[in-house]
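Please look through the sequence and the three-dimensional structure shown here, and then follow the explanation below with both in view.

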Amino acid sequence: LILTVESEAVVSTQSTGGVTRCFSLLRTQWYSDRTHSLQTSFNMKSSLFCLLALILTVESVRGACTYTSSDKKYNYDLSALSVSSGYGYLRNGGDGYNYWFNVCANLPKSNCTQQAPVCQASQTKAGQNVPTGYLPATFADGDAGTGSGVVITYVNNVEQCSGNTPRKTNLHFKCSGGAPGFLTITSITENKCLYDIYINSYSACPTSGGKGKIDADLKKMSGGSIFLIIFFVGAAVYLIVGSIVNWRVKHASGIEVIPNFELWRSIPGLMKDGLTFTKDKIMGLTGRGYQSV
């Protein structure tokens with residue numbers, strides 16, 4: 001039996017959403033002979049090319065939406081905000097236009113005829129649309145300085161405004177609370193082909209090196225969660241430190257190393273007395289046969 005496998009690797013790399021597809025088309029032919037031997041033949045060159053292209057593409061996408069602040073103290077990774085399907089993020093600009101945008105990638109679908117990460121489309125005139133920026137994107141520190149977020153900029157030097165003014169879109173990301181991978185568009189402004197879109201997102205917080213992410217984590221937590229954390233941490237410190245003091249200073253041993261052991265041992269009795277008092281109060285028998293401890 002002779003098995004022949006021919007592999008034709010077709011690599012399709014799409015910047016949209018950082019999607020990489022590597023398809024292998026396998027054609028198998030089976031032959032038979034008297035000795036029933038087995039032979040396998042691979043087109044190794046195509047297979048290795050496909051694998052190498054896939055690895056390089058994944059690595060380029062992984063690093064395409066990361067940024068280190070100008071002072072080298074804060075690292076950001078906004079790749080979770082990049083979408084690979086649909087029309088991306090939509091915002092009504094309030095100026096008769098809708099604005100679609102994606103983060104660090106072209107729009108998967110767009111009202112613009114050209115492939116771009118941002119698109120401005122008229123709300124009343126069909127077909128009146130234009131990209132307000134192209135890849136590659138540039139990165140800068142957030143509006144409030146390093147550690148506060150990131151500004152991503154797309155520039156369109158092709159479809160320019162009057163006076164040969166390039167169109168430019170700035171995505172102003174601010175570190176805030178919320179779930180990773182989600183964003184809130186707070187406002188959008190346009191001034192002489194300069195488009196500014198302001199966005200809040202937890203994904204815009206530093207992944208390392210800053211207190212912005214810590215502040216955002218605290219904003220995500222409820223008051224009850226904070227109370228429970230303080231309570232259990234305080235209880236652990238009380239138990240550990242108290243036990244060490246009783247053991248080393250008071251030379252206690254066994255169960256008596258527990259801080260305020262006599263107090264905790266009396267709690268069941270105190271609870272029983274409290275329940276008895278409450279029962280007598282309800283039944284109007286307070287003071288009858290009740291003896292205080």
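Predicted model: local features only at pLDDT ≥ 70, side-chain atom pairs only at ≥ 80, totals over all residues.

Residues are numbered from 1 along each chain as its sequence is written, and side-chain values use heavy atoms, with hydrogens and water left out.

In soluble globular proteins, nonpolar side chains tend to be buried together. The largest nonpolar core here has 26 residues, and those with the most contacts inside it are Leu78, Phe101, Val103, Ile152, Leu171 and Phe173. A nonpolar core is a set of buried Ala, Val, Leu, Ile, Met, Phe, Trp, Tyr and Cys residues joined through side-chain atoms within 4.5 Å, where buried means under 20% relative accessible area, exposed over 50%, and partly exposed in between (1.4 Å probe, protein chains only). Two or more residues of this core come from each of β6 (97-101), β10 (149-161), β11 (165-175), β12 (184-191) and β13 (194-201), and β10 gives the most, with 4 residues. Helices (H or I, at least four residues) and strands (E, at least two) are DSSP runs, numbered from the N terminus. If its neighbours within four places in sequence are left aside, Leu171 is in contact (heavy atoms within 4.5 Å) with Phe101, Asn102, Val150, Val151, Ile152, Tyr154, Ile197 and Ile199. Another core, of 5 residues, lies apart from the largest one and has Trp100, Leu107, Cys112 and Cys119 among its members.

His172 is found in strand β11, and it counts as buried because its relative accessibility is 10%. The side chain of His172 is joined to that of Asp143 by a polar contact of 3.0 Å; such a contact is a pair of N or O atoms within 3.5 Å, of which, within protein, one must be able to donate a hydrogen and the other to accept it, and residues adjacent in sequence count only if both atoms are side-chain atoms. Beyond its neighbours within four places in sequence, His172 has contacts that include Asp143, Val150, Val151 and Asp196.

A search of the whole structure finds 4 disulfides, a disulfide being a pair of cysteine sulfur atoms within 2.5 Å. In one of them the sulfur atoms of Cys65 and Cys104 are 2.0 Å apart, and the link is right-handed, with 70° about the S-S bond. Cys65 lies in the loop between α1 (44-63) and β3 (66-68) and Cys104 in the loop between β6 and β7 (118-122), so the pair ties together parts that are 39 residues apart in sequence. Cys112 is joined to Cys119 by a disulfide, and both of these cysteines are buried. Cys175 and Cys205 also form a disulfide; this pair links distant parts of the chain, 30 residues apart, with Cys175 in strand β11 and Cys205 in the loop between β13 and α2 (212-220).

Where in the backbone is a peptide bond cis? The bond from Leu135 to Pro136 is cis, with omega near 5°, and Pro136 is found in strand β9 (residues 134-141). Cys193, although not a glycine, has a positive phi of about 70°, and its place is in the loop between β12 and β13. Asn260 is another residue other than glycine with a positive phi, near 50°; it is placed in the loop between α3 (223-248) and α4 (261-283) and is partly exposed, with a relative accessible area of 46%.
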